[in-house]
Amino acid sequence: MEKELLHLFDAAKKAADSAASDAVSSNSPEVYRCVDALNQLKDFPVTYDTLVSSKVGKKLRPLTKHPREKIKTVASDLLELWKRIVIEETTKSKKNGTTSAVKVEKLQKPSAVKSEKLSRTESVKVENSTGDSVKSVKVEKREANGDTAMDEKRDRSKLETIYKDERQASNVKKSFQSPACPPKLTSMVKCDDPLRDKFREILVEALSKVASEADEDMLYQVNAADPIRVAVSVESVMFEKMGKSNGAQKFKYRSIMFNMKDPKNPDFRRKVLLGEVKPERLITMTPEEMASDERQRENKEIKEKALFDCERGGAPKATTDQFKCGRCGQRKTTYYQMQTRSADEPMTTYVTCVNCNNHWKFC
């Protein structure tokens, strides 16, 4: 059951990562695939033990802050559903010996005026949000001489104090819970080759920086990962597929080493550490694919600008009033034509507005 749950969540996570791109609209197929997978997770029979062992609840939290509103809403509903399951099962398992009762008695103020005393008993349940325990607070009120409002305020303040104490105790308990993950390596796993050991040390040094660069939402995943284990795995696959770092693939080694150590490329290190980029995929990535998102956008803009300048400066321009600019509405334009397709196809016309420098093309 746990493998099926993780497989279904991985499908939703991949679709969510694809839908997070700026080029993807809110009605794209990636969004609907992610929403469909999350809806299937709602109907999936999960238990408290399954959620704890798979840690899928922690992995779901980033999706509740997804830029796409549909994914964000469904992920929040799914997280609330799993929380209720955890609370119900925990309450049932701990119903014997964990429920405590607190009785708060309010004494009437002394008064010289005799009046009829009305007593009222109320039972209030204070339920912890984590489902660790349920406390039943019995409040006995003795109202007299118009002190009802003051008594209610005092009762409310005492209940709030008890609730805050419960939350603080649950937070302290959470901080001492250790995640169910394999123990981290405390020292480097070395081999007989000093070149391989040096490359592993460089990878460990780069991957260890991720903990100080990660956001709060990703910090628990980063702390659960083992930089030494990941570095050894990456180096072993590279050595198996490409040979030594001073051999024919030394430039590939240098490219990976440069991007892993690049201070402006924290996303690449994080993806490698968390397993989003597998070692087998890493050795086939180009330098452009390993570059940061900001660098990839800059390279794309440079290529587009160079292509346009090349096309614009390749042929002489002619002035005409046959074309109307869609931006400013003026008819003062220049144009030129180039044969960009096969010889039997019409030429491509490039038009530039003299007034606002808007440019477009058509065939």
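Visitor: In this predicted model, by about how much of the helix are D267 and R270 separated?
Guide: D267 and R270 form a salt bridge, with the closest N and O atoms 3.6 Å apart. Both residues belong to helix α12 (residues 266-273). Because they are three residues apart there, the separation is about one helical turn.

Visitor: Is R270 buried or exposed?
Guide: Buried means under 20% relative accessible area. D267 has 28% and is partly exposed. R270 has a relative accessible area of 18%, so R270 is buried.

Visitor: How many residues apart in sequence are the parts that the pair of K244 and D193 ties together?
Guide: The closest N and O atoms of the K244 and D193 salt bridge are 3.8 Å apart. K244 is in the loop between α10 (227-242) and α11 (250-261), and D193 is in the loop between α6 (148-175) and α7 (194-207). The pair therefore ties together parts whose separation in sequence is 51 residues.

Visitor: What is the geometry of the F323 and Y335 ring pair?
Guide: A search of the whole structure finds four aromatic pairs. In the pair of F323 and Y335, the ring centres are 5.6 Å apart and the planes lie at 70°. Planes over 60 degrees apart count as edge-to-face, so this pair is edge-to-face.

Visitor: Which residue joins F323 and Y335 in one aromatic cluster?
Guide: F323 lies in the loop between β4 (318-320) and β5 (333-338), and Y335 in strand β5, twelve residues apart. F323 is buried at 17% relative accessible area, whereas Y335 is partly exposed at 26%. The cluster with these two residues also contains F362.

Terms used: Residues numbered from 1 in each chain as written. Predicted model: local features only at pLDDT ≥ 70, side-chain atom pairs only at ≥ 80, totals over all residues. Heavy atoms only, no water. Phe/Tyr/Trp six-rings, centres within 6.5 Å; stacked < 30°, edge-to-face > 60°. Helix = DSSP H or I, 4+ residues; strand = E, 2+ residues; numbered from the N terminus. Buried < 20%, exposed > 50% of the residue type's maximum accessible area, 1.4 Å probe, protein only. Salt bridge = Lys/Arg side-chain N within 4 Å of Asp/Glu carboxyl O.
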